[in-house]
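This report describes one protein chain for a reader who has not seen it before. The sequence and the structure come first, and the description follows.

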Amino acid sequence: MDNTTMVAAVQRHVFNALAWTLYGFLLAPLVCIAIVSFNYEPVQSFPPTTWSFRWYASALQNAAFVNAATASGILALCATLVATPLGVMAAMGLWRSQWRGKPFLEAFFISPIIVPGLVTGISLLVALAAIDVREATIRLLIGHVLIVMPYVVRTTMASLSQLDPSLQEAAETLGASSWKAFFLIILPLIRPGVVAGMVFGFILSFDDVNVSLFLVDARTVTLPISIMSYLQYSFDPSVAAISTMLIALTFAATVILERWFGLKRLFAGH
């Protein structure tokens, strides 16, 4: 083995070691919380001395957790259904636009990702109070649409960037209306990007704390807020059990996306 080959082999092994170390650093907390969730004892400890599904049953029988999970699911679904058509229309407008201020508009539509969630939550609270919107359900829906929409815009634009604009022009030349060309030609081709934005937006909406913290009331509480409130008075493994179930659902969604569309195709748009 000459020196060049030896140096390349060493670099490859060092890169692989760093990559596996990074994976371990990212996944270790998730593995720990999953192991702790099977602890029978009423206090979280690692590793468990006795294994049990006790705290999974406890979490599923806790009415506060079940009601909060239902509220979070409905809220995330409604926010996704509202944000998706708005995000797709915004992405289509940006794709067709030749305006000089197009980069400014792109930054504007994805700004909820960049601006800290606490700032977004406080701003919404003040703005909605100023126009007398005090119903928590409406405030949460508006806030979570802002959470979901940037991901729909971003992933749809990624798909549109791979699309040949002449396809729509050809359809319209052959007599199709703009709406018909969109639904029959454009939308099927960008569907992976749209679905990716919907799934990622739904997951982030379901898990959101920063924005929801300022918009909930005593009657409408989301699951992350309910977990935070529970941890103020109790530290039993039922919270670890809920966290493990959320990790499992997120992993399942990722696997389904990969099998149905392929994660690379979701962002490549073809």
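## Helix H3 against helix H4

The model is predicted. A description can start with helix H3, which passes helix H4 in a left-handed crossing. H3 covers residues 63–96 and H4 covers residues 102–114. Their axes lie 10 Å apart, and the two helices pack at an angle of about 165 degrees. Angles over 145 degrees count as roughly antiparallel, and H3 and H4 are therefore roughly antiparallel to each other.

On the H3 side, the residues that meet H4 are Ala90, Leu94 and Trp95. On the H4 side, their partners are Lys102, Leu105, Glu106 and Phe109. Sorted by class, this contact of H3 with H4 has five nonpolar residues, two charged residues and no polar ones.

## Helix H4 against helix H6

H4 also packs against helix H6, which spans residues 136–160. The axes of H4 and H6 come within 7 Å and cross at roughly 130 degrees. That angle makes H4 oblique to H6. The crossing of H4 past H6 is left-handed.

H4 contributes Glu106, Phe109, Ile110, Pro112 and Ile113 to this contact. From H6 come Leu146, Met149, Pro150, Tyr151, Val153, Arg154 and Met157. By class, the contact of H4 with H6 has ten nonpolar and two charged residues, with no polar ones.

## A loop residue, Thr222

Where does Thr222 lie? Thr222 sits in the loop between helix H8 (178–207) and helix H9 (223–231). Is Thr222 buried or exposed? The relative accessible area of Thr222 is 3%. Buried means under 20% relative accessible area, so Thr222 is buried.

Leaving aside residues up to four places away in sequence, Thr222 touches Ala68, Ser72, Leu75, Leu140, Asp208, Ser212 and Val216. Ala68, Ser72 and Leu75 are among these contacts, and residues 63–96 form H3. Leu140 is another, and residues 136–160 form H6.

## The chain as a whole

The secondary structure of the protein chain comes to eleven helices and zero strands. Along its principal axes, the C-alpha trace spans about 75 × 70 × 30 Å. Of the 270 residues in the chain, 34% are buried.

Among contacts between residues at least 6 apart in sequence, 69% join residues at least 24 apart. The accessible surface of the chain comes to about 16200 Å². Carbon and sulfur atoms account for 71% of that surface.

Note on methods: Residues numbered from 1 in each chain as written. Predicted model: local features only at pLDDT ≥ 70, side-chain atom pairs only at ≥ 80, totals over all residues. Heavy atoms only, no water. Axes fitted to C-alpha atoms, helices over the stretch in contact; angles between N-to-C directions. Helix = DSSP H or I, 4+ residues; strand = E, 2+ residues; numbered from the N terminus. Parallel < 35°, antiparallel > 145°, perpendicular 65-115°, else oblique. Left-handed = near helix turned anticlockwise from the far one by under 90°. Contact = heavy atoms within 4.5 Å. Nonpolar A, V, L, I, M, F, W, Y, C, P; charged D, E, K, R; others polar. Buried < 20%, exposed > 50% of the residue type's maximum accessible area, 1.4 Å probe, protein only. Areas by Shrake-Rupley, 256 points an atom, 1.4 Å probe, with all protein chains shown as cover.
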